[in-house]
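This report covers selected local features of one protein model.

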Amino acid sequence: MAILTLSSVTVGCGHQIKSAIKPNGLVQTPPMGWNSWNTFGGDVSEGLVQQIADALVKTHMRDLGYQYVNIDDGWALPNRANGHLQPDPVKFPHGIKSLADYLHSRGLKFGIYGDRGIKTCVKNTPGSFGYEKVDASDFAAWGVDYLKYDNCNPSPFSNQQEEYRRMASAIAATGRPMVFSICAWEFKGWMPITGNLWRTTSDIKDDWNTIVDIIDINEKSAEYAGPGKWNDPDMLAIDCYGITDFQHGQKCDGMSELVGTKGLTEIESRSHFSMWAIMAAPLIAGNDIRNMPKFVMDILMNREVITIDQDPLGRQGVKVWDNSNGLCVYSKVLSGINTRAVALFNRTEKGEKITANWKDIGLSEGGATVRNLWNHSDLGDFTGGFTTYVGPHEVVLLKITGSKNQ
Ligand code: GLA
């Protein structure tokens, strides 16, 4: 059972962090699942979540690891009753516990949303400031397995680190294993000893430039990622097409600020998924999985790419080569001997050749086998490096295995 310890830890630029939360042993590989926000905004309900759960089972996404079904902002009434958060009875007529039971009986897990401040971000429902113990104990009683804890509307006397630590400690004290997902939009040194994952950036949009920016920011804290603790570059923005009509509750309500943008193309969506896998990022789908085009299913359900994300070594891939002009190579060390996942990433508007040099990815100059994880094809044995054409905004994702005697 996770408990609060009184150890003191030095992180980053010598900042002393007084107390660490004992690791809870959860999410030894990055969490996978679904979250309501990107597509449905505040329009979350029991019926919707049940249908999503059924779709996860029917599509076999659950069997590939998409396990956590997380409701985001908008589930609670605007006021507490006797100090307790109140699920909206219109949206959740049978309460939260019964929904969690529905998910558990289908081999899924249930996630909920809260906020460290006075109110949540958008939907004006109560935050947990000063109510951490009550809320954690209600979450545990309802069967919650995962808490996303947001950063909006702090109290005037706020201390961010202390408030996240307080909730982490409150959920640990319930004795129910719960993933603690810090959503504070930037990395801070205390996060890896407080939560299981932490958002490194502001909210994702289904917009190519935003995806690229997020990749760059998320890399800065790569060294802190590992089993049980992950950088979180936000939920997947695949399958939205820039359709962000907030007023009419259309697709992608949660990403509504970008009304009128084009969204991501099929290639860009694949690149987005490839880079999340290379970064060992949580794979939390944000689309309407009850009704997905085939190409979206093919992306979200590419077993070989998911295996890269879920590699048990838990290393986050980093950039190992950059021509300063939009072409770059990322490498993720995988478990197994001399094995790497490698992304050849073309950020430009023009197709170009990119080379993965063995020396850049930490393999010796000898032979190595190369496999393409989107075509599912073995490309053969290569010496010293591998070069291929990469289209505009494309990521060619490879698995490269050096010979055993390297
Ligand atoms: C913040 C978070 C988002 C989402 C919304 C809900 O913006 O970063 O992921 O949870 O709040 O209001």
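Does Asn153 count as buried, partly exposed or exposed, and what is its relative accessibility? The model is a predicted one. In this model Asn153 counts as partly exposed, at 37% relative accessibility. Asn153 sits in the loop between S6 and H5. The phi of Asn153 is positive, near 45°, although the residue is not glycine. Most residues other than glycine have a negative phi.

Ala280 also has a positive phi in a residue other than glycine, here near 50°. Ala280 is placed in the loop between H7 and strand S10 (283-285). With 1% relative accessibility, Ala280 counts as buried.

**Cysteines**

A search of the whole structure gives one disulfide. Its partners are Cys121 and Cys152, with an S to S distance of 2.1 Å. The link of Cys121 and Cys152 is right-handed, with 95° about the S-S bond. Cys121 belongs to the loop between strand S5 (109-115) and helix H4 (132-142), and Cys152 to the loop between strand S6 (146-150) and helix H5 (160-174), so the pair ties together parts that are 31 residues apart in sequence.

Cys183 takes part in no disulfide; the nearest cysteine sulfur belongs to Cys121 and is 6.7 Å away.

The table gives the accessibility of the cysteines discussed here and of Cys328.

| Residue | Relative accessible area | Class |
|---|---|---|
| Cys121 | 27% | partly exposed |
| Cys152 | 15% | buried |
| Cys183 | 2% | buried |
| Cys328 | 1% | buried |

Cys121 is partly exposed, whereas its disulfide partner Cys152 is buried.

**Helix pair H6 and H7**

Two packed helices are described by the angle between their axes and the distance between the axes. For helix H6 (residues 208-219) and helix H7 (residues 266-278), the angle is about 15° and the axes are 11 Å apart. This angle makes H6 roughly parallel to H7. The crossing of H6 past H7 is left-handed.

On the H6 side, the contact is made by Trp208, Ile211, Ile214 and Ile215. H7 contributes Glu268, Ser271, His272, Met275 and Trp276. By class, the residues of the contact of H6 with H7 are six nonpolar, two polar and one charged.

Terms used. Residues are numbered from 1 along each chain as its sequence is written. This is a predicted model: local features need pLDDT of at least 70, side-chain atom pairs count only at pLDDT 80 or more; totals for chains, interfaces and linings use all residues. Side-chain values use heavy atoms; hydrogens and water are left out. A disulfide is a pair of cysteine sulfur atoms within 2.5 Å. Helices (H or I, at least four residues) and strands (E, at least two) are DSSP runs, numbered from the N terminus. Buried means under 20% relative accessible area, exposed over 50%, partly exposed in between (1.4 Å probe, protein chains only). Axes are lines fitted to C-alpha atoms, for helices over the stretch in contact, and angles run from 0 to 180 degrees between N-to-C directions. Angles under 35 degrees count as roughly parallel, over 145 as roughly antiparallel, 65 to 115 as roughly perpendicular and the rest as oblique. A crossing is left-handed if the near helix is turned anticlockwise from the far one by less than a right angle, and right-handed if clockwise. Contact means heavy atoms within 4.5 Å. Ala, Val, Leu, Ile, Met, Phe, Trp, Tyr, Cys and Pro count as nonpolar, Asp, Glu, Lys and Arg as charged, and the others, Gly among them, as polar.
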